Amino acid sequence: MADFNGAPPAGISAQGLARRRVLATATTLLVLPVLPRLAHAATILAVRTWPADEYTRVTLEMDSELKAEHFTLENPDRLVVDIEGLSMNGKLNDLVSKIRPNDPYIASVRVGQNRPDVIRMVLDLKQPIAPQVFTLKPIGEYKYRLVLDLYPQVAQDPLLAIANSFQDEDPLADVLESLAQNAPDTAPIPSVDGQKLPTNPPVARRPAPPEPPAAATPDSSPRPVLVALDPGHGGEDPGAIGPRGTREKDIVLAIARRLKKLIDAQPNMRAYLTRDNDFFVPLHVRVQKARRVKADLFVSIHADAWIKPSARGSSVYALSQNGATSTTARWLAQKENNADLVGGVNLGSHNKQVAKVLLELSTTAQINDSMKVGGNVLSEIGKINRLHKKRVERAGFAVLKAPDIPSILVETAFISNPEEERLLRSSAHQDRIARAMLTGISGYFASGPGLARRA
């Protein structure tokens, strides 16, 4: 070999040294392919949990795509998930601390190195589940995600939840109980692979009322109007985010809760929330829920965003069968329809019956009634906030495609506008928005719309 100044060792010619170098290089080339290669171990960027009565979601966000296999065990109930290409780290340990005591499905989590480059997670369960384990490609702010959705083995019927939330004397409770027991709807209850639909779901029976006096006149008043309120986004999908970090999903849920209280306080109206907490609901499931409870009106609540912070004002949208009424409406519909991609939907779990829920053609009567109620709501909101558009806009919003329920989407304000973000964060302004929407909705039903589902 050459010494530090480059001269060949004594007794070896320059040509001989050159031959040795060629042989050494060839030997190195032959050896390199059989040396073990160190594969890049995936890095877990975040671990999130979204517990809810309907289902619990666990999300692992990673910098590269991974393969996972899962199976369930009984006595006791457990979900076992093996993830390839992972090693133990602090983020995985965080998952153990993120499980809340009130989680309806997960009792505890155990994580360990099952074999080289394979992590095993064992979720100890509180009840039998129908698990959905799938991966999502990067979108928006998210990298690769591994999603664990833990659904109950028997699907929850929205009718049961809403009927049990009413008082014993509420006339709508009896109507919903009759629907659940005797009149199954053609719209399926939200379900996934491995999940069973309830058969004659048990609705809590109310004590029989006392016999009325002989002279009493039987109550023949119609059942209350039922309004399905749909707070947009939720869970993995935060929606638009304002300059101060305000999340659309939080604001619209707060407004929906306020509006529900106002509606429930009316003698002839009741409200139902498609989501009552911070969890993700796919677009088609929102429609299914409204149809299952026989809602008379569907109102999806949102807070808009735009690339320029100067954009401001409220808007109301209805469904269009023939294209959007403006470029803004088309852009907004596409953005809202992408909620499933951001929130994360296991497309392989939907059967043909579920896929048919979002009908491509909605009825003309539904759209006409949607325009009426939309005009009423827009007029009332215009009294408390500037309007972005002074007429009801139309576009192909997937969440408005219930063929038999008048449906509108309300963009309460631009959360991307600093001033409107400040207003949206205000409890007083949230209450003003809710009251304006109540007035518009009440005016619509007072006019006797043709599509209202009267008992």
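The entries below go from the overall make-up to single residues.

**Ground rules.** I am working from a predicted model, where local features need pLDDT of at least 70, side-chain atom pairs count only at pLDDT 80 or more, and totals for chains, interfaces and linings use all residues. Residues are numbered from 1 along each chain as its sequence is written, and side-chain values use heavy atoms, with hydrogens and water left out.

**Overall.** I looked up the secondary structure and got 12 helices and 14 strands. Helices (H or I, at least four residues) and strands (E, at least two) are DSSP runs, numbered from the N terminus. Of the 455 residues, 48% count as buried. Buried means under 20% relative accessible area, exposed over 50%, and partly exposed in between, with a 1.4 Å probe and protein chains only. I also checked contacts (heavy atoms within 4.5 Å). Among those between residues at least 6 apart in sequence, 75% join residues at least 24 apart.

In what order do the four strands of the open sheet run? I read 3-4-6-5, with antiparallel pairing. For pairing, DSSP has to find at least two bridges between two strands. Strand 3 and strand 5 (106-115) are at the edges with a single partner strand each, so one side of each has no neighbour in the sheet. From one strand to the next the twist averages 15 degrees. Axes here are lines fitted to C-alpha atoms, for helices over the stretch in contact, and angles run from 0 to 180 degrees between N-to-C directions.

**Strand 4.** I then went along strand 4 (residues 78-84), where five of the seven residues are buried. Strand 3 (residues 68-73) is joined to strand 4 by six bridges, antiparallel, and A68 has I83 as its bridge partner. Strand 6 (residues 118-125) pairs with strand 4 over seven bridges, also in the antiparallel sense. In that pairing L79 stands opposite L123, and V80 is partnered by V122. Helix 2 (residues 90-98) lies across strand 5 and strand 6, at about 160 degrees to strand 5.

Most residues other than glycine have a negative phi, and most peptide bonds are trans. I went looking for exceptions. The hairpin of strand 3 and strand 4 has four residues between the strands, and N75 in that turn has a positive phi of about 50 degrees. The peptide bond from N75 to P76 is cis, with omega near 5 degrees. D117, in the loop between strand 5 and strand 6, has a positive phi of about 65 degrees and is partly exposed at 45% relative accessibility. K294 sits in the loop between helix 6 (283-292) and strand 11; its phi is near 55 degrees.

Is T56 buried or exposed? I found T56 buried, with a relative accessible area of 0%. T56 lies in strand 2 (residues 56-62), and its side chain makes a polar contact of 3.0 Å with that of D103. A polar contact is a pair of N or O atoms within 3.5 Å; within protein, one must be able to donate a hydrogen and the other to accept it, and residues adjacent in sequence count only if both atoms are side-chain atoms. Leaving out residues up to four places away in sequence, T56 touches residues including W50, P51, I106 and L150. I106, in strand 5, is buried too, at 0% relative accessibility. I106 and P51 are 55 residues apart in sequence but 8.7 Å apart in space, C-alpha to C-alpha.

**Cores.** A nonpolar core is a set of buried Ala, Val, Leu, Ile, Met, Phe, Trp, Tyr and Cys residues joined through side-chain atoms within 4.5 Å. Which residues touch the most other members of the largest one? I noted V227, V299, V377 and M437, out of 39 residues. Helix 12 (427-446) is among the elements that each supply at least two residues of this core, and its share, eight residues, is the largest. Apart from this core lies another, of 26 residues, with L79, I106, L123 and L148 among them.

**Helix 10.** Last, I checked helix 10, whose buried residues include V373, V377 and I381. What covers the buried residues of helix 10 includes strand 11, strand 14 and helix 12.
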